[in-house]
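Okay, thanks for coming, everyone. Let me put the chain up and walk you through it.

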Amino acid sequence: MTRSEFDDIRAFLADPATHAGDLLRIARTLIDDLEQARVREAVLRTHYLRLLTAARTTVAADMVDAPDPLAFLTRELAERGQLPEDEDAVQQILSDARTAETLLACMQEGQQPPQQPPVVRMRGMRLRRCVGAHRTLPR
């Protein structure tokens with residue numbers, strides 16, 4: 001539920017013209033939303049625990065020099081359709097990981113993340129632009 005939906009509900013509850021039947025309808029809707037959120041959370045927790053277990057098993061298999069230590073993690077990712085499909089996907093994943101690592105390091109050090117260089121604007125005569133066929137700019 002979005003912030004604006006919460007604000008709408010608060011405004012509706014604060015309105016003196018709101019009837020008891022309307023309140024009951026809202027309560028039922030909110031209970032349904034809470035139940036759906038609880039189910040989504042349980043599913044996400046299950047996925048997280050399976051992924052965590054696969055990652056820990058992969059590290060343990062690597063520590064004992066198992067023949068294919070990535071098999072556990074690869075299987076879990078494949079079941080979720082999360083394996084990279086091609087070289088472009090591999091590069092994008094690695095780029096995202098480097099960016100996330102940089103942002104986390106900045107957050108831990110209390111620094112601002114690196115900014116892109118500012119856009120350099122050309123000085124001189126400013127061009128007037130018109131959008132649409134019937135617009136004109138004042139002279």
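This is a predicted model: local features need pLDDT of at least 70, side-chain atom pairs count only at pLDDT 80 or more; totals for chains, interfaces and linings use all residues.

We've got 4 helices and 0 strands, and from the N terminus on the order reads α-α-α-α. Of the 139 residues, 6% count as buried. The chain exposes about 13,000 Å², with carbon and sulfur atoms supplying 58% of that. As for contacts with a separation of 6 or more, 18% are between residues 24 or more positions apart.

Now, salt bridges. The count comes to 7. Start in helix α1, residues 3–14, where Arg10 and Asp7 sit 3 residues apart, about one helical turn. Their side chains meet in a salt bridge, 3.6 Å from N to O, and Asp7 is partly exposed at 39%.

Helix α2 has a pair like that too: Glu41 and Arg45, 4 residues apart, about one turn. Here the N to O distance is 3.0 Å. Glu41 is partly exposed, with a relative accessible area of 40%, while Arg45 counts as exposed at 54%.

Which residue does Arg50 pair with? That's Glu76, and their closest N and O atoms are 3.3 Å apart. Arg50 is in helix α2 and Glu76 in helix α3, so this bridge ties together parts that are 26 residues apart in sequence. Arg50 is partly exposed at 34%, but Glu76 is buried, because its relative accessibility is 9% and the cut-off for buried is under 20%. The pair also belongs to a salt-bridge network that links Arg50, Glu76, Glu79 and Arg80.

Then the loop between α2 (20–63) and α3 (71–79), which is where you'll find Asp65. Its phi is positive, near 55 degrees, and this is not a glycine. Asp65 is exposed, at 67% relative accessible area.

Last stop, α4, residues 87–109. At 1.5 Å a residue, its 23 residues should span 33 Å, and the end C-alpha atoms are 33 Å apart, so that agrees.

Methods:
Residues are numbered from 1 along each chain as its sequence is written. Side-chain values use heavy atoms; hydrogens and water are left out. Helices (H or I, at least four residues) and strands (E, at least two) are DSSP runs, numbered from the N terminus. Buried means under 20% relative accessible area, exposed over 50%, partly exposed in between (1.4 Å probe, protein chains only). Contact means heavy atoms within 4.5 Å. Accessible areas come from the Shrake-Rupley method with a 1.4 Å probe; for residues, only the protein chains shown count as cover. The expected span of a helix is 1.5 Å times one less than its number of residues. A salt bridge is a side-chain nitrogen of Lys or Arg within 4 Å of a carboxyl oxygen of Asp or Glu.
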